[in-house]
Amino acid sequence: MSQIMSAELTKRLEDFVIKEAKLADEGEYQAWEDLWADDGVYWVPLKEGDDPTQQVSHLYDNRTRLATRIRQLKTGYRYSQMPISGMRRVISNYEFFAEADGRYRVEANFFLPEYSIQSIHDFRLWSGRYIYTLSPRDDGFQIHIKKVLLVNGSEPIPSLAFLI
Amino acid sequence: MPAKIDYHHLIQEDKIHGSLYTDEAIYEDELEKLFYSSWVYIGHESEIKKRGDYVTRDIGRSSVIMVRNKDESVKVMVNRCQHRGNMLCNESQGNKRNFTCPYHGWVFGLNGDLLDVSYPGGFDKPLEELNLEVLVTDSYRGFVFACFKKPTISFDDYLGHGKALIDRACNMSPNGKIDLKGGWIRQHFDANWKMLPENDTDGYHVNYVHQSFVMAIDSQYGDFVGAEDSIKGVIKNWGNGHTEIDFAPGYKKMLDWLGSTPEKVKSYVDSMTKTYGKEKADQMLYDGPPHACIFPNLFLAEMNIVIFQPTGVNSAVQWSTPMFLEGAPELDFKLLRQSEGALGPAAFLLADDATIAERAQKALSAGTPWCDLSRGLNRETEDSDGVKTSHMTDETSNRGFWHHYRALMMGELS
Ligand code: FES
Ligand SMILES: [Fe+2]
């Protein structure tokens with residue numbers, strides 16, 4: 001069960017998630033990367049319950065690989081995000097949990113309309129659940145884990161080169 | 001009856017016509033001749049270890065079930081009830097004692113035999129007349145291939161030098177066995193399926209399509225960027241449409257292909273040495289696994305296995321899974337991460353290959369789109385076995401694919 005959390009705290013957590021989403025939507029790669037903790041793990045499994053030590057994921061980035069991903073996007077030659085897709089994600093149905101180690105878990109549903117303009121100009125809809133593990137840093141938070149459970153992750157999916 | 005398609009016109013020695021990727025009639029012709037009348041790759045035996053284990057796969061528009069039978073044999077059968085045609089099995093994998101149709105409850109055994117019909121009073125045909133359609137099946141080192149019709153080419157003749165490529169993949173395991181238990185990523189392409197095998201054995205695009213990756217990471221791929229004569233890898237046409245990029249001549253040290261060193265994966269090196277002896281093991285660990293396509297739909301993608309699935313003239317799905325090695329579970333974590341890095345919709349490489357293929361699909365859909373295929377004709381060599389080799393950036397591989405394709409489509413092989 002979640003411990004009682006103040007409305008002020010949950011508002012700050014929600015604001016952080018909204019900021020992270022906006023940076024991803026707008027391709028503010030460096031500012032987005034700066035939100036991550038040194039032990040950050042950015043993870044998109046194929047489906048709920050998958051074990052990343054046994055099963056392949058769409059991506060399972062430790063902090064080093066995350067930095068590589070951002071460097072690649074910033075080269076200007078990442079064709080699959082050249083130019084960057086039009087994106088405006090909507091996040092809702094928040095749940096907030098205080099974890100024993102002083103970290104917070106935020107879970108929320110997302111709906112992400114993507115206008116993919118790199119090849120066939122296709123309007124795509126992505127949806128699923130975000131599960132963040134956050135901890136306080138400076139006057140805000142940092143991301144330890146962002147797990148993205150797609151509703152269709154084990155089906156064929158098109159390019160996922162943007163930050164989801 | 002549409003006019004017969006002249007593949008000799010569309011596929012020449014040094015060029016091919018873009019309609020091969022975009023013409024609806026050609027796509028239908030391919031399904032019929034390549035996917036429903038010739039050998040195709042279905043799956044690997046390690047995916048169905050226990051009796052009753054099964055996976056479903058789509059071959060063209062046809063769903064098939066690959067299942068381990070009670071006598072351990074592997075059967076591949078059409079996933080369609082012989083009563084009123086319902087799909088027998090809607091799950092992509094699982095374990096069953098037999099297959100019961102969800103519509104009226106007919107029961108089929110793991111070998112496809114019709115075992116039971118509900119309310120038999122109104123049905124007096126002999127059950128054996130309505131068994132499932134079972135495909136002609138054969139396998140090599142656990143790789144299961146099948147043919148919907150009686151094949152005109154024997155399995156051995158079809159596989160040809162492909163056997164040696166499969167051997168090289170399996171022999172990366174100290175037990176000589178691979179295990180495909182890591183799950184499948186499926187990536188949707190808005191491009192014709194043939195662009196996948198072509199691109200996967202195209203050694204020419206790396207510096208361009210993957211420039212962003214080369215710039216972002218310090219990896220083996222960086223070694224291939226440079227002057228033309230500094231590229232040591234070679235391209236091969238093994239015959240029967242099987243093609244390869246052989247990176248080995250370009251590797252600088254043992255285990256380059258794994259991005260590792262003998263010290264870091266000592267237990268793996270030790271088990272390989274124990275199985276194959278030091279000299280042979282060292283050579284294998286230097287050369288690495290093959291990067292080769294087995295015509296038409298299997299890709300031995302170094303430490304991954306890939307399947308190409310056509311889903312329409314303008315779309316395809318690429319399946320990928322890490323190739324785990326029996327006897328070396330300590331590599332699993334690394335192989336998972338390597339697989340995700342290279343293959344799939346979020347990968348450093350394939351995401352960009354997909355975009356390029358999709359742009360080509362669009363550009364080739366109109367006008368008189370001839371595509372050049374001549375690169376390397378001036379310098380490829382041929383050995384006494386008919387195997388052609390050339391500079392890594394040459395189109396020797398794609399010519400191998402297309403000229404075999406042409407022969408199959410024209411019915412010139414049998
Ligand atoms: S369609 Fe399968 S039992 Fe009727
Ligand atoms: Fe590529």
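Predicted model: local features only at pLDDT ≥ 70, side-chain atom pairs only at ≥ 80, totals over all residues.

**Entry 1: a salt bridge to start with.**

Entry 2: I counted the salt bridges between domain 1 and domain 2 of chain B and got two. I also looked for polar contacts across this interface, and the rule finds eight residue pairs, both residues at pLDDT 80 or more.

**Entry 3: the domain 1 side.** Which strands of chain B each supply at least two residues to the side of domain 1 that touches domain 2? I noted strand 2 (40–44), strand 3 (53–59) and strand 11 (143–147). Sorting that side of domain 1 by class, I wrote down seven nonpolar, four polar and five charged residues.

**Entry 4: how much do the domains touch?** I found 16 residues of domain 1 of chain B in contact with 21 residues of domain 2 of chain B. The area buried between the two domains comes to about 1500 Å², and carbon and sulfur atoms give 61% of that.

Entry 5: Next I turned to chain A, where 35 residues are in contact with 39 residues of chain B. Chains A and B bury about 3200 Å² between them, with 56% of it on carbon and sulfur atoms. Which three residues supply more of chain B's share than any other three? I got Arg186(B), Ala346(B) and Phe348(B), which supply 20% of the area that chain B buries against chain A.

**Entry 6: Arg186(B) again.** I looked for its charged partner and found Glu155(A), which forms a salt bridge with Arg186(B), the closest N and O atoms being 3.7 Å apart. Between chain B and chain A I have three salt bridges in total. My list of polar contacts between these chains has 22 residue pairs, both residues at pLDDT 80 or more.

**Entry 7: what chain B brings.** I looked up the elements that each supply at least two residues to the side of chain B touching chain A; among them are strand 13 (185–189), strand 19 (315–322), helix 11 (332–342) and helix 12 (350–363). By class, I wrote that side of chain B down as 20 nonpolar, ten polar and nine charged residues.

Notes. Residues numbered from 1 in each chain as written. Chains lettered and ligands numbered in written order. Heavy atoms only, no water. Contact = heavy atoms within 4.5 Å. Buried area = accessible area lost by both parts, 1.4 Å probe. Salt bridge = Lys/Arg side-chain N within 4 Å of Asp/Glu carboxyl O. Polar contact = N/O pair within 3.5 Å; in protein donor to acceptor, adjacent residues only side chain to side chain. Helix = DSSP H or I, 4+ residues; strand = E, 2+ residues; numbered from the N terminus. Nonpolar A, V, L, I, M, F, W, Y, C, P; charged D, E, K, R; others polar.
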